[in-house]
Amino acid sequence: MHPIRVGQLPWREIDRHAVIIHTKKGNVHELNLTGTFLWTHADGSHSLAQLAGMLCENFEVDLDQATKDVDEFFSSLEEDGLILNVNHR
Amino acid sequence: MSIIGDLQGRTAKHRIPVQASLELTHSCNQRCGHCYLASHNDSGKGCSPLGFEEWRRILDELSEEGTLFLTLIGGEAMLHPKFWQIARHCVTRNFAVSLITNGILIDDVVAERIAELNFFQVTLSLYSMDPAIHDKMTGVKGSYARTIAALDQLRLRKVPIGINCLLTKHNIDSCFELKQWAKQRDIRIQFSLLVTTRLDGAVEPALERASAEQIYRYFATLRKLDNQIRPAAVVAPNPTDPDSPVCNAGRGRCAIDPFGNLLACIDMRDQIGNLRERSFRELWNSPKALCLSGFINHDLKFNPRSKDGMFCSHCPAMADLEVGDKMAPVPFLMEIASIRRRIYECKTTN
């Protein structure tokens, strides 16, 4: 699965935190540093496994924890309607 | 504190222009007696208004500086010949786009186009449930019916909508009918008493202001209905802290007029510079911009911790227009503050 941000959602990285506006629901989401990293790389070109690897390279986290965090993170965002999980296979 | 409130505080502190008002045109298809614009067309200014390519470049620069919330305004913003292209580029660049409009151009076709753009908010100016009062205030016969029709078309398409209602001597006494009407339709409504003089200094709009008696009745009714009369709670400043900024102009927000002049806010017409000549980043970090963002409570020429001062939301722009000094008290604002304080004191002693 290759997560991709829902198109044309208003968002901006402000003070190193992604702020995302869900216009239809009127919700505002603010992500922490690792969440922002994952969000900015969710362009449909990286698999969940690759994103977990990238997380390990850039933050102090082991691969098992990173894999778990990435799965949970994108599941949560998909539930909120902010991410599409695109199956490239 | 909400995410938005926290965001506003942080962006103001670090001078990130998270919010920008884009005044696309001064052209307007209404002639409101309370309007602050000196003219209702874009001619006679020595240059043409910004075209689409110019706005596109500016929007790209704003995006790089962290701007997230855009408000498209006028005049009547939809009269800009490239309105749809500009709006589409705003959405493409992931801005949260709000439109403020009188709505009289919005029929079913236009409402459909608006819905497709997925705006964050569309706010319409509606002044009364009485068509005669609304039409009198806009100077256009039939404008009430067209604005109501626009609201219906947008609601049908589930476009997030709101109502702005400026309160003048004509409509303030009947404003709670409008409030009730909006509430029944789950439409957010915002009232404002702040009728300013014209940007060229002409006082005619100020003659439309509600009287002290009308304002007193308004706040007294508000107290009975909402029980929300309280000391001024402004976005960034803390009136008890002398080093707190007076307002968010030039800190967390900015504005751009139709000719590319960068402003600290839409009401403060001191030009920081022109975006046709210099980049947004360069102008935003210029000495002029820093100066216009540096007004703090300590500089106020009245005591913000006095009995009335605590209820006053000071506006440096309004003070500059009306009394020629950004930090001096504005008589109209102090009058409103005094009334609010009296109503608040009645509430807290009863």
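**Salt bridges, a buried serine and a contact**

Modeller: Start with B:K301 and B:D325, whose side chains meet in a salt bridge, 2.5 Å from N to O. Keep in mind that this is a predicted model. B:K301 sits in the loop between α10 (287–292) and α11 of chain B, and B:D325 in the loop between α11 and α12 (331–349), so the pair ties together parts that are 24 residues apart in sequence. Now look at the surface. B:K301 has a relative accessible area of 54%, so this residue is exposed. B:D325 has 23%, so this one is partly exposed.

Next, go to B:R209 and B:E322. They form a salt bridge too, with the closest N and O atoms 2.3 Å apart. B:R209 lies in the loop between β6 (188–192) and α8 (212–226) of chain B, while B:E322 lies in helix α11 (residues 316–323), so this pair ties together parts that are 113 residues apart in sequence. B:R209 is buried, because its relative accessible area is 14% and the limit for buried is under 20%.

B:E282 is partly exposed at 43% relative accessible area. B:R278 is also partly exposed, at 35%. Over all chains, the count is 19 salt bridges.

Now a residue under cover. B:S128 is in the loop between β4 (121–125) and α5 (131–138) of chain B. Is B:S128 buried or exposed? B:S128 has a relative accessible area of 1%, so it counts as buried. Which residues does it touch, leaving out those up to four places away in sequence? They are B:I133, B:H134, B:Y144, B:S174 and B:L178. The side chain of B:S128 also reaches the backbone nitrogen of B:D130, at 2.9 Å. Compare B:S128 with B:L167: they are 39 residues apart in sequence, and their C-alpha atoms are 9.5 Å apart in space.

Last, turn to where the two chains meet. The contact takes 24 residues from chain B and 14 from chain A. About 1,600 Å² is buried between the chains, and carbon and sulfur atoms give 56% of that area. B:I3, B:N94 and B:N118 supply 31% of the area that chain B buries against chain A, more than any other three residues.

How many salt bridges lie between chain B and chain A? The count is 2. One joins B:R10 to A:E30, with the closest N and O atoms 2.6 Å apart. B:R10 also belongs to a network of salt bridges that links A:D15, A:E30 and B:R10.

Which helices of chain B supply at least two residues each to the side that touches chain A? They are α1 (3–13) and α3 (83–92). Of the elements, α1(B) gives the most to this side, with 6 residues. By class, this side of chain B has 13 nonpolar, 8 polar and 3 charged residues.

Methods:
Residues are numbered from 1 along each chain as its sequence is written. Chains are lettered from A and ligands numbered from 1 in the order in which they are written. This is a predicted model: local features need pLDDT of at least 70, side-chain atom pairs count only at pLDDT 80 or more; totals for chains, interfaces and linings use all residues. Side-chain values use heavy atoms; hydrogens and water are left out. Contact means heavy atoms within 4.5 Å. Buried area is the accessible area (1.4 Å probe) that two parts lose on being put together, summed over both. A salt bridge is a side-chain nitrogen of Lys or Arg within 4 Å of a carboxyl oxygen of Asp or Glu. Helices (H or I, at least four residues) and strands (E, at least two) are DSSP runs, numbered from the N terminus. Ala, Val, Leu, Ile, Met, Phe, Trp, Tyr, Cys and Pro count as nonpolar, Asp, Glu, Lys and Arg as charged, and the others, Gly among them, as polar. Buried means under 20% relative accessible area, exposed over 50%, partly exposed in between (1.4 Å probe, protein chains only). A polar contact is a pair of N or O atoms within 3.5 Å; within protein, one must be able to donate a hydrogen and the other to accept it, and residues adjacent in sequence count only if both atoms are side-chain atoms.
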